[in-house]
Amino acid sequence: MTDTLPASLQYLGAALFAVAVLHTFSTKFFESLAHRQTAHAGLWHLLGEVEVVFGFWAMVLMVFLFFSLGQHEAVAYLDSRNFTEPLFVFTIMVIAGTRPILQAASDVVNGFARVVPLRGELMFYLLVLILVPLLGSFITEPAAMTLAALLLRERVFGAAVSSRLKYVTLGVLFVNVSIGGTLTHFAAPPVLMVASTWQWNLGFMLTQFGWKAAIAVTLNALGATLLFRRELTALERTPPAQGQAAAPLRAPLSVIAVHVLFLAGVVVFAHHPVVFIPLLLFFLGFTTAYVRYQDPLMLKEGMLVGFFLGGLVVLGGLQQWWLQPLLTRMDATAVFFGATALTAITDNAALTYLGSLVQGLSPEFKYALVAGAVSGGGLTVIANAPNPAGIALLRGRFDGGAVHPLGLLGAALLPTAVAMACFWLL
């Protein structure tokens, strides 16, 4: 469908994509406008939400398509896009972000922490940054991002810690989730895009990517833990103040088991919205039956993230004309570094998908493309599909209620370099 669009519209799509990327780096500007121009504060606050950015510019693109091509062609373009990933991320965020799932994940991390001779908060921080990203290879990266962000929000980001710790933690988390899903062939979006076409199976992923990813994840987590060991050690778990709400009621094992079954069902049928969307509806009904064991569901956060990813799908569909020739002109070494850099300005799954369309690629080229794409998955909010979920859950803990894109980029550079070194040198 995109090949039949006029060249002028493909150029327009690339221009709007570039504007959207710049917009993600300018959200603080719109927040400042909201304080200066109070008559339109609501609009400026809306444009200052990073999750709104790509959906907004995708809407602008569709308006152009409707007026230039007509309703039939514009709708046909939308029908040609695959919105399974936005729907899946929304669904997995709602289920994985519930109190019973979070309680189970926290109990597992705390159990590991108790058997290791380190102070509780220090070990908790280390294990969340190692175990949960690697768990993403089995429960999918969006679920891992949701769990890790919620665990860190309650125990670390909610405490009186420095902004430097928050940004470094976010950078390490994003990079570790991006590479932590490469132990299998079905959990990381950039791997999933090529696994079937290139016949990459579980054994291939473990031997070519998985063990290297595990080393990089561990090194990044250890580095952040050692860097902030004093600040983390100083964290104290204080009891609730007088008059403060009591701790939430713990969910029984039976309720946790049902939640896990719903989560497993969604993961198994991750590529079939006709299955996982009804599962979500059944799940919503179950939560109303046991509301005493629930916190407010993350419907708003999930829908915003889905809107962001949906906009990325719409705009990304018009980038093939320049991305694919750029990739195919590179050798394996150039494509590794080029894919890492390009991932910062476009979704890494889009890069690998374009690579899967090219015939006759060498095994070295294929490895370099995917390794570079996952290595750069933590550099920006748009680099990897789960990143918007992490931003949505953690941004309220940052000064001004927003994550500065340059702060994230700077914090992710060193973890990205570690991931690149492990994938390229080992």
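**Helix α1**

I began with what covers the buried residues of α1, and found that the cover includes α2 (27-36), α3 (41-47), α4 (53-69), α16, α17 (320-328) and α22. Contact here means heavy atoms within 4.5 Å, and buried means under 20% relative accessible area, with exposed over 50% and partly exposed in between (1.4 Å probe, protein chains only). Helices are DSSP runs (H or I, at least four residues), numbered from the N terminus.

This is a predicted model, so I kept in mind that local features need pLDDT of at least 70 and side-chain atom pairs count only at pLDDT 80 or more, while totals for chains, interfaces and linings use all residues. Residues are numbered from 1 along each chain as its sequence is written, and side-chain values use heavy atoms, with hydrogens and water left out.

The buried residues of α1 are L9, Q10, G13, A14, L16, F17, A20, V21, H23 and T24. The expected span is 1.5 Å times one less than the number of residues.

**α1 against α16**

I looked at how α1 meets helix α16 (residues 299-316): their axes come within 9 Å and cross at roughly 145 degrees. Axes are lines fitted to C-alpha atoms, for helices over the stretch in contact, and angles run from 0 to 180 degrees between N-to-C directions. From α1 the contact uses G13, L16, F17 and A20, and from α16 it uses L312, L315 and G316. I sorted these residues into five nonpolar, two polar and no charged. For that sorting, Ala, Val, Leu, Ile, Met, Phe, Trp, Tyr, Cys and Pro count as nonpolar, Asp, Glu, Lys and Arg as charged, and the others, Gly among them, as polar.

**Helix α22**

Next came α22 (residues 405-425), with 21 residues and a reach of 29 Å from first C-alpha to last, close to the 30 Å expected. Where does α22 bend? I found a bend of about 35 degrees at L413, with a proline, P415, following within four residues. The bend is the angle between axes fitted to the seven residues ending at a residue and the seven starting there.

P415 is also one of the buried residues of α22, which include L408, A412 and F423. Their cover includes α1 (7-24), α10 (163-180), α12 (202-227), α18 (332-343) and α20 (363-375).

**Two buried polar side chains**

N176 lies in α10. Its relative accessible area is 0%, so I logged N176 as buried. A polar contact of 3.2 Å joins the side chains of N176 and N220; the term means a pair of N or O atoms within 3.5 Å where, within protein, one must be able to donate a hydrogen and the other to accept it, and residues adjacent in sequence count only if both atoms are side-chain atoms.

R99 is in helix α7 (residues 99-114), and at 12% relative accessibility R99 counts as buried. A polar atom of the R99 side chain lies 2.6 Å from the backbone oxygen of L249.

**Two positive phi values**

Most residues other than glycine have a negative phi, which made me look at the exceptions. T140, between α8 (120-139) and α9 (141-157), has phi near 80 degrees. Q199, in the loop between α11 (189-198) and α12, has phi near 60 degrees. Buried or exposed? T140 is buried at 3%, whereas Q199 is exposed at 68%.
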